[in-house]
Amino acid sequence: MLPLGHLVVALLPVTLYTLVRKRRLPTGTVVVLLVLATQLPDLIDKPLAWTFHVLPSGRMFAHSLVVSLPVLAGVTVLAHRRGEGRLGLLFSAAYLSHLAGDFYPILYRGTDYYFFPNLFWPLLAANPDRAPSFAAHGPESVLSLFVWVTVFGCVTCYGIVSMYRRRRPAAPV
């Protein structure tokens with residue numbers, strides 16, 4: 001799944017829920033958290049595999065349930081202790097939505113899906129990428145790159161501006 005798809009899979013249901021339940025858009029904190037959580041597995045694994053050649057696959061370490069579930073449990077517990085348990089759960093759900101987006105072919109291919117072992121690395125030996133480079137997985141055209149950058153830019157700017165406006169004290173009247 002492409003980066004924009006990962007974001008939409010997490011952001012759309014949260015936005016619809018917030019609109020229906022609270023009659024407003026999600027807070028900036030929620031939006032920035034979703035942007036980070038939905039992209040984090042690729043931000044960790046792709047450079048380690050394709051730039052630094054530490055991993056054989058861009059869907060291995062941070063994409064592994066064996067690695068990510070204990071880390072996400074820790075993140076959720078820490079967030080709960082800080083009084084932000086809902087944000088911890090939201091982060092974990094958004095992160096796991098990324099994994100679901102990458103590994104959904106398991107539903108109809110089962111263990112025949114090429115990347116299936118990567119989901120359970122290091123318990124199973126990971127399959128290497130067939131095309132290990134950013135160029136092989138980038139946008140097909142300048143227009144699609146423009147769309148990616150525009151959408152990510154708008155969503156991130158909304159989140160940052162919303163966070164800033166929320167923390168700024170109200171001006172005296």
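**Charged residues and their partners**

Trainee: How many residues apart are Asp 42 and Lys 46 in helix H2?

Mentor: In this predicted model, they are 4 residues apart in helix H2, which spans residues 28-51, so about one helical turn separates them.

Trainee: What do Asp 42 and Lys 46 form with each other?

Mentor: Asp 42 and Lys 46 form a salt bridge, and their closest N and O atoms are 3.4 Å apart.

Trainee: Is Asp 42 buried or exposed? And Lys 46, buried or exposed?

Mentor: Asp 42 counts as buried, because its relative accessibility is 13% and the cut-off for buried is under 20%. Lys 46, at 12%, also counts as buried.

Trainee: How many salt bridges does a search of the whole structure find?

Mentor: The search finds 2 salt bridges. One of them joins the side chains of Asp 102 and Arg 59, with an N to O distance of 3.8 Å.

Trainee: Where do Asp 102 and Arg 59 lie?

Mentor: Asp 102 belongs to helix H4 (residues 85-103), while Arg 59 is in the loop between H2 and helix H3 (65-81), so this pair ties together parts that are 43 residues apart in sequence. Both Asp 102 and Arg 59 are buried.

Trainee: Which helix holds Arg 166? Is Arg 166 buried or exposed?

Mentor: Arg 166 is in helix H6, which covers residues 142-167. Arg 166 is exposed, with a relative accessible area of 60%, and the exposed class requires over 50%.

Notes:
Residues numbered from 1 in each chain as written. Predicted model: local features only at pLDDT ≥ 70, side-chain atom pairs only at ≥ 80, totals over all residues. Heavy atoms only, no water. Helix = DSSP H or I, 4+ residues; strand = E, 2+ residues; numbered from the N terminus. Buried < 20%, exposed > 50% of the residue type's maximum accessible area, 1.4 Å probe, protein only. Salt bridge = Lys/Arg side-chain N within 4 Å of Asp/Glu carboxyl O.
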